[in-house]
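Please keep the structure open while reading.

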Amino acid sequence: MTGIILGAAGLGLLWSVMTIGVFLTYRVLDIADLTAEGSIVTGAAAAAVIIAGGGNPFAASLAAFLAGAATGLITGLLHTKLKIPALLSGILCMIALYSINIRIMKGAANVSLLRKTTVYTEVLRLLPSAANKDMAAIAAGLLCAAAVCAAVYWFFGTELGSAIRAAGDNMKMARSQGINTDNMIIMGLALSNALIGLSGGLIAQYLGFADVSMGIGSIVIGLASVIIGEVLFGVKTFRRTLFSLVCGSVVYRIVIAFVYKLGMPASDLKLFTAMTVAAALYLPKLTKKWAKRAKGGGGNAVG
Amino acid sequence: MLSVEEVRKTFNAGTVNERIALDGVTFRLEEGDFITVVGGNGSGKSTTMNAIAGVFPIDSGSVRIDGRDITALPEYKRAAYLGRVFQDPMMGSAARMNIEENLALAYRKCRRRGLGWGVTKKERGKYRELLAQLDLGLEDRMTSRVGLLSGGQRQALTLLMATLNKPALLLLDEHTAALDPKTAGKVLALTEKIVTENKITTLMVTHNMHDALRYGNRVMMMRDGRAVFEAAGEEKARLKVADMLEMFEI
Ligand SMILES: Nc1ncnc2c1ncn2[C@@H]1O[C@H](COP(=O)(O)OP(=O)(O)OP(=O)(O)O)[C@@H](O)[C@H]1O
Ligand SMILES: [Mg+2]
């Protein structure tokens, strides 16, 4: 039992980096960016190829981050320079990435990292000898999530970060305040997908492989984590929100682990996640409706 | 100071929805002018402002500010010269950011945005003072999200943001139209105070003839995408609402 929870927590922490990336586009830029489905694999592929070639796993993780940034940059250029709607730009990039990801993996659909030196084998060497791979994942995931949260918190408090938030919040206002909104959107998309790429790189090292189809449904998992985190842990301040995103990712993984344990076939996972997100997106509207009815604002009220 | 020369703009050219919004509008403002602009719905008042602000490229003509031709500059670059307040109170500030962050965005309008803090301690004191002058109690809510403010409060804040770095030209597009009469009066009084104290060249669109005559030193009427009437100084002072309405009828 604890084994399941430890595994889920570790994986959740690694996914939390992706969740923060999804949050940046979905909440900060107000764009549903489907590039994520491809960029998570790009990160995984880039890291896996380097590690399989005997490269340093930390350098490989950095490469995953940079490769992810490049994918966001392309979506951003499609959207701002070619004026393709954001959703469609993301879809185009995602589809193109399918081919590119296979090229990164030198024509193969997957790369195995069996018995290679990964971030976790490195971390495991620093931990007491009783520790296992899941604990190494938790340690590495915690460290990474904390570092990403701190960096994101700092960045969005700077002048540049504020300008990106303004562009996502109110484009017209941002331009009238002299902000180059196109550049801000490109930067925001690049940053978001950089985090998603990094997350992909870390997940691949944990799973022991990169696979071209590992990204399918990842945007929905990211959204589910964002929403679960926001609802369960609150969004009072930005700091709180970041904490909630990490917790949301972990909770999602633990819930999934339990649902598996209860006997749900693995192939139903995506259906389950999609339904969770749909329900969670509808929830605020439903509660509003109820609040209205409770106030007696309904159409049938007779005075 | 501002010169708008023969500006033309046709929307949806070549389609059934073709609409000539500006048909050679021409006017000039001197340093310190406060001009009010009236005209029927669809006469091109907002389009004129948007042409000055660079919201869309114009078909022909030119816009110059302080002798510099800005016709080809993108919107975000022209912002350095302009302060803008829109008709919709939601349009002028970022709802999910707080009051001080919004002011800080405006404060950095003409500056490079780097990795320094988005709001510094020193600024906060300054913003608190400025907000206190609005007399709306906003100085005690500097970390509240702007989305929580009322329309009037947001419009007052937008006005403050638009004039934080004295702009070469202030563009006000029916900025009190969405407010209740009392709040509208307050925001207008505030507008006049800020504009006269800082001697800001201002262009204010309004549908209220009283306001058009009461405020500013010049008045302009638009029809069919052209400036059809102008009065300044003494001549404007002599104008009555009835005169304006009569001209409106033509
Ligand atoms: N983005 C646009 N696309 C198409 N047509 C437009 C656009 N903006 C304005 N127009 C048209 O241009 C004409 C001038 O509009 P404008 O908004 O400048 O009028 P206005 O004087 O501000 O009117 P109001 O008093 O109603 O605000 C109108 O016929 C309008 O329909
Ligand atoms: Mg208008």
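In this predicted model, H4(B) and H5(B) cross in a right-handed sense. H4 spans residues 121-134 of chain B and H5 spans residues 151-163 of chain B; their axes are 11 Å apart and meet at an angle of about 130°. The two helices are therefore oblique to each other.

**Contact of H4(B) with H5(B)**

- H4(B) contributes B:Leu130, B:Leu131 and B:Leu134 to the contact, while H5(B) contributes B:Ala156, B:Leu157 and B:Leu160.
- By class, the residues of this contact are six nonpolar, no polar and no charged.

**Packing of H1(A) against H11(A)**

- Helix H1 (residues 2-29) of chain A packs on helix H11 (residues 238-261) of chain A with an axis separation of 7 Å and an angle of about 135°.
- Oblique is therefore the class for H1(A) relative to H11(A).
- The crossing of H1(A) and H11(A) is right-handed.
- On the H1(A) side, the contact is made by A:Ile4, A:Ile5, A:Ala8, A:Ala9, A:Leu11, A:Gly12, A:Leu13, A:Trp15, A:Ser16, A:Thr19, A:Ile20 and A:Phe23.
- On the H11(A) side, the contributing residues include A:Phe238, A:Leu242, A:Leu245, A:Arg253, A:Phe258 and A:Lys261.
- The residues of the contact of H1(A) with H11(A) comprise 17 nonpolar, five polar and two charged.

**Surroundings of ligand 1**

- Ligand 1 is surrounded by 14 residues, and the closest are B:Asn41, B:Lys45, B:Ser46, B:Thr47 and B:His207.
- B:Thr47 places a polar side-chain atom 2.4 Å from an oxygen atom of ligand 1.
- For B:His207, an N or O atom in the side chain is 2.7 Å from an oxygen atom of ligand 1.
- B:Gly42 takes part through its backbone: one of its N or O atoms there lies 2.8 Å from an oxygen atom of ligand 1.

**A:Asp134**

- A:Asp134 belongs to helix H6 of chain A, which covers residues 133-155.
- Which residues does A:Asp134 contact, leaving aside its neighbours within four places in sequence? They are A:Gly3, A:Leu6, A:Gly7 and A:Tyr206.
- A:Asp134 and A:Ala36 are separated by 98 residues in sequence, and their C-alpha atoms are 25 Å apart in space.

Conventions. Residues numbered from 1 in each chain as written. Chains lettered and ligands numbered in written order. Predicted model: local features only at pLDDT ≥ 70, side-chain atom pairs only at ≥ 80, totals over all residues. Heavy atoms only, no water. Axes fitted to C-alpha atoms, helices over the stretch in contact; angles between N-to-C directions. Helix = DSSP H or I, 4+ residues; strand = E, 2+ residues; numbered from the N terminus. Parallel < 35°, antiparallel > 145°, perpendicular 65-115°, else oblique. Left-handed = near helix turned anticlockwise from the far one by under 90°. Contact = heavy atoms within 4.5 Å. Nonpolar A, V, L, I, M, F, W, Y, C, P; charged D, E, K, R; others polar. Near = heavy atom within 4 Å. Polar contact = N/O pair within 3.5 Å; in protein donor to acceptor, adjacent residues only side chain to side chain.
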